[in-house]
Amino acid sequence: MPPLSILLWLPLAFGLLGVLIPPGRTGRTATPATAPGGEVRQPTSSAGIAALVGSVAALGLAIAYLADYRPGGGPQHVTDTMWISSLGIHYKLAVTGLNVALVAMATFLFAAAVLASNVRPSGPPERARLFYFQLMLAESAVLGAFLAQDLILFVAFFDLMLIPFYFLIGSWGRDPEGSTRVRATTKLVIYTLVGSLLMLAGAVATGVLAAQQNGGSVDFAYTALQHAPLSVGSQEWIFLLFAAAFLVKMPAFPLHGWMPDGYRAMPVEVLMVFSGVLSKVGAYGFLAIVLTLFPRASVHFQTLLLLIALASIVYGSMQAFTQTDVRLIAGYSSVAQLGFITLGIFALNSQGAQGALLQMVNHALVVAPLLFISALLARRAGGSEDIRDMGGIAFRAPVFASIFLIVALATLAMPGSSNFVGEFLILLGVFKAKLAIAIIAFTGVVMASVYALRLFIRAMQNRVGKKVESREITVRDGLVLVPIVAVIVFLAVYPQLALHRSEGSVRGAVIQSQYLATCGPHPIDCTVADNPRNILVIK
């Protein structure tokens with residue numbers, strides 16, 4: 001297998017290549033083509049083709065790493081080079097059971113988003129070379145955050161993700177209410193930047209305090225920090241810094257203030273990866289960093305995080321079935337689904353955490369096509385994204401309706417879908433940890449069926465809207481949707497693809513917190529039988 005650095009930097013390399021390729025002679029003035037259904041297709045750009053090649057190549061490498069991963073084998077394909085020796089910062093990358101499925105998911109959705117932007121009826125975006133460069137930079141930043149095995153390196157990639165999305169929203173965003181783009185960009189930067197600064201302070205404190213309290217040199221590699229545990233007091237205040245950053249990124253209630261304007265302002269291709277991929281970086285951070293480096297704090301704040309997750313589920317679900325904007329329905333449903341993911345992580349047992357990891361992949365594969373479908377519906381409803389202006393499309397577009405129905409059923413976690421498996425494992429884990437919270441969380445499952453079916457029925461059934469043009473999905477749009485739906489169906493049949501590869505790593509991530517939660521506030525009093533793996537007792 002090639003070094004992980006190739007996978008990491010390949011999208012950015014093709015983004016740079018697209019910037020350097022001169023635009024074609026015809027540019028946007030080329031003769032447009034008429035697609036089936038009467039849509040006028042503008043020619044694609046050379047930068048878009050380069051970005052598509054790069055994203056597909058990265059997807060091929062990610063699939064190869066997924067197929068090559070040996071479950072239970074620990075970190076694999078490790079790249080470890082001392083980056084800044086005086087500060088103990090490594091350029092360390094690895095494939096683990098926690099990130100291998102997420103890396104494959106991220107490259108898949110970025111490839112789908114780039115393809116979606118290449119098949120726009122209106123042609124490539126303005127300043128296409130810069131647009132695709134920013135999108136490819138975002139992909140490399142996301143992959144870096146997933147693959148990083150050094151805390152400062154993770155923070156660097158986590159912060160780098162903000163830069164391309166600042167430009168993608170500010171320069172190419174929509175203005176449905178006149179000032180939405182500026183307002184959305186401002187809110188996103190303020191929320192995310194504050195969270196990132198808090199996490200940077202927490203990361204630096206983790207390395208420095210670990211060295212001071214354990215008598216070693218400063219080293220930010222995950223493995224070094226895991227073998228130099230912090231005191232309980234240090235863990236607790238640092239935990240809050242990381243939690244704030246991750247909850248903003250997901251987002252979770254009540255730190256979701258940037259979400260409504262952000263979802264309405266982003267171009268749909270950008271929103272596909274933002275909602276599908278970037279939100280999972282925060283959830284991944286809880287699982288891969290917080291539980292492993294701050295296990296005592298995770299136990300201490302378990303109930304708080306479970307209540308935040310529960311509030312996100314209830315609030316997000318209630319908002320989703322009262323909204324009429326398709327994007328906001330998808331946005332608030334994402335708040336609810338990420339609440340389920342947080343619930344599984346802080347159940348602090350392997351069933352909940354494994355269900356959360358599977359649900360990260362499931363939600364990404366569902367929300368991305370849902371958002372792309374929202375754009376297709378708007379094109380057929382005179383540009384409106386209000387479900388009150390839609391309806392009556394299914395009769396003349398059975399293929400489109402069937403694809404939408406599969407996505408809707410997956411969204412509500414229909415039995416037989418991979419989403420059902422993920423939610424079942426999450427609720428099973430929470431049931432073992434906190435029975436009352438699990439019972440209340442079941443209401444989120446019921447409400448999901450309400451907003452998912454309401455969206456499908458209002459958009460595809462009922463009377464034909466006044467401005468609705470009922471037409472079938474085109475081949476180009478099908479190239480975006482069909483592969484995603486195929487993966488949704490495949491995971492419904494074989495969720496073990498993700499579960500089998502993640503099982504060992506998930507158990508290792510939660511086992512110390514699970515042991516501490518089981519043994520209570522005085523783990524030193526536990527018997528040897530309670531601690532079969534001789535887990536290190538934190539100070």
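Leucine 115 is buried, with a relative accessible area of 19%; buried means under 20% relative accessible area, exposed over 50% and partly exposed in between (1.4 Å probe, protein chains only). This is a predicted model, in which local features need pLDDT of at least 70, side-chain atom pairs count only at pLDDT 80 or more, and totals for chains, interfaces and linings use all residues. Residues are numbered from 1 along each chain as its sequence is written, and side-chain values use heavy atoms, with hydrogens and water left out.

**Surroundings of leucine 115**

- Leucine 115 belongs to helix H3 (residues 100–118); helices (H or I, at least four residues) and strands (E, at least two) are DSSP runs, numbered from the N terminus.
- Leaving aside neighbours within four places in sequence, leucine 115 is in contact with Leu52, Leu479 and Val480, where contact means heavy atoms within 4.5 Å.
- The C-alpha atoms of leucine 115 and glutamate 269 are separated by 8.8 Å, although the two residues are 154 residues apart along the chain.

**Salt bridges**

- The structure holds eight salt bridges, each defined as a side-chain nitrogen of Lys or Arg within 4 Å of a carboxyl oxygen of Asp or Glu.
- Lysine 187 counts as partly exposed at 29% relative accessibility, whereas aspartate 261 is buried, with a relative accessible area of 4%.
- Aspartate 261 also forms a salt bridge with arginine 264, the closest N and O atoms being 2.9 Å apart.
- Both arginine 264 and aspartate 261 lie in helix H10, three residues apart, about one turn of the helix.
- An α-helix has 3.6 residues a turn, so residues three or four places apart point the same way.
- Arginine 264 counts as buried at 16% relative accessibility.
- Another salt bridge joins the side chains of glutamate 385 and arginine 327 (3.1 Å, N to O).
- Glutamate 385 lies in the loop between helix H15 (350–380) and helix H16 (398–411), and arginine 327 in helix H14 (residues 326–345), so the pair ties together parts that are 58 residues apart in sequence.
- Both glutamate 385 and arginine 327 are buried.
- Through shared partners, salt bridges join Arg183, Lys187, Asp261 and Arg264 into one network.

**A buried arginine without a salt bridge**

- Arginine 454 lies in helix H18 (residues 435–460).
- Arginine 454 is buried yet has no salt bridge, and the nearest side chain of opposite charge, aspartate 386, is 7.3 Å away; Lys and Arg count as positive and Asp and Glu as negative, while His and the chain ends are not counted.
- Not counting residues up to four places away in sequence, arginine 454 touches Ala320, Phe321, Thr322, Gln323, Thr324, Ile329 and Ile387.

**Helix H6**

- The buried residues of helix H6 (residues 162–172) are Leu162, Pro164, Phe165, Leu168, Ile169 and Trp172.
- Seen down the axis of H6, these buried residues fall within an arc of 165°, so they line one face of the helix; the arc is that of the directions from the helix axis to the C-beta atoms.
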